[in-house]
Amino acid sequence: DLSLDYLAKAKIMVVQNIEREDVEFISRTLGCQPVASLDHFTADKLGHADLAQDEMVAGGGHIVRITGVNAKNTVTVLLRASNNLMLDETERSLHDALCVVRCLVKRRQLLPGGGAVEAELSLRLNEWARTLPGVQQLCVRMYAEALELIPYTLAENAGLSPLEIVTDLKLKHAQGEKLVGINVRQGCVSSMVDINVLQPLLVSSSAVKLATEAVMMILKIDDIVMCR
């Protein structure tokens with residue numbers, strides 16, 4: 001408390017109780033370096049900002065607003081909600097949205113959503129499986145069948161009849177309508193491009209790749225040792 005009093009008299013603002021995960025972000029934004037001891041506190045460790053001020057927000061909370069920093073690619077989003085559950089859900093939604101933007105920046109290609117990609121992959125894999133002999137054919141067919149679970153689950157979560165919807169979806173793709181997916185609002189299958197239901201290519205390719213790697217890792221296990 002005595003040190004805070006001396007700093008206040010010197011008109012130096014002190015911000016306490018900063019989360020450890022935020023220290024790196026703040027340091028990168030201000031261009032400063034964290035210092036654990038006064039012996040290492042030198043001028044080259046300092047950052048720069050035009051203004052740092054304590055502001056009150058509705059509800060009696062306080063925030064420290066820092067403006068005029070050199071970092072041009074930094075932004076802070078203030079999230080508020082009525083309770084912690086809603087706040088966590090809002091944070092997850094924002095994180096998902098930012099991840100979608102990140103995927104589009106890394107690979108600027110889109111695919112139809114609504115299970116259209118998985119239905120088309122399943123159809124093509126089944127066609128390829130017919131040209132393979134023996135066990136290889138069975139493996140590819142099971143892979144194709146596993147992909148059908150995604151539109152099946154999507155229809156089930158939307159309160160639709162999974163068997164009827166997935167059957168219609170497979171029929172449309174067999175007829176060459178590659179853009180058709182599950183329209184959960186109208187309870188039918190339709191073109192996903194027409195209703196702007198799209199997803200980044202990187203999301204679909206990463207999901208298929210990671211799922212395949214997980215299965216391959218499990219298949220490499222030839223024995224299980226039980227222990228207590």
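## Second largest pocket

Helix H8 (201-219) is the main contributor to the lining of the second largest pocket, giving nine residues. The model is a predicted one. At least two lining residues each also come from H4, helix H5 (134-147) and E6. The volume of this pocket is about 620 Å³.

In total, 23 residues line the second largest pocket, and those nearest its centre are Tyr-143, Leu-147, Val-208, Ala-211 and Thr-212. By class, 19 of the lining residues are nonpolar, three are polar and one is charged.

## Domains and the largest pocket

The domain assignment divides the protein chain into domain 1 (1-71), domain 2 (79-108) and domain 3 (112-202). Between the C-alpha centres of domain 1 and domain 2 the distance is 26 Å. The largest pocket lies between domain 1 and domain 2, because both give residues to its lining.

This largest pocket holds about 2,700 Å³ of space. Its lining counts 49 residues, with Ile-18, Asp-22, Ile-26, Val-64 and Ile-66 closest to the centre. H2 provides the largest share of that lining, eight residues. H1, strand E1 (51-57), strand E2 (61-67) and helix H3 (84-106) are also among the elements that each supply at least two residues. The lining of the largest pocket comprises 30 nonpolar, 12 polar and seven charged residues.

## Nonpolar cores

Eight residues form the largest nonpolar core: Ala-119, Ala-155, Leu-160, Ile-165, Leu-169, Val-180, Ile-182 and Val-189. Helix H7 (162-174) and strand E4 (180-183) each contribute at least two residues to this core. Leu-160, one of the core residues, contacts Ala-155, Ile-165, Ile-182, Val-184 and Gly-187, when neighbours within four places in sequence are set aside.

A separate core has six residues, including Leu-125, Val-140, Ala-144 and Leu-147.

## Ser-122

Not counting residues up to four places away in sequence, Ser-122 touches Ala-144, Leu-147 and Glu-148.

## Positive phi in loops

Lys-11, which is not a glycine, has a positive phi near 60°. Lys-11 sits in the loop between helix H1 (2-9) and helix H2 (20-30), and counts as exposed because its relative accessibility is 79%.

Asn-196, also not a glycine, has a positive phi of about 60°. The loop that holds Asn-196 runs between strand E5 (188-191) and strand E6 (198-200). Asn-196 is exposed, with a relative accessible area of 64%.

Methods
Residues are numbered from 1 along each chain as its sequence is written. This is a predicted model: local features need pLDDT of at least 70, side-chain atom pairs count only at pLDDT 80 or more; totals for chains, interfaces and linings use all residues. Side-chain values use heavy atoms; hydrogens and water are left out. Helices (H or I, at least four residues) and strands (E, at least two) are DSSP runs, numbered from the N terminus. Buried means under 20% relative accessible area, exposed over 50%, partly exposed in between (1.4 Å probe, protein chains only). Domain bounds come from an automatic or database domain assignment. A nonpolar core is a set of buried Ala, Val, Leu, Ile, Met, Phe, Trp, Tyr and Cys residues joined through side-chain atoms within 4.5 Å. Contact means heavy atoms within 4.5 Å. On a 1 Å grid over the protein atoms alone, a cavity is a set of points where a 1.4 Å probe fits but cannot get out, and a pocket is an open set with protein on both sides within 12 Å along at least five of seven lines; lining residues have an atom within 4 Å of a point. Grid points are joined across faces, edges and corners, and a volume is the space filled by probe spheres set on the points. Ala, Val, Leu, Ile, Met, Phe, Trp, Tyr, Cys and Pro count as nonpolar, Asp, Glu, Lys and Arg as charged, and the others, Gly among them, as polar.
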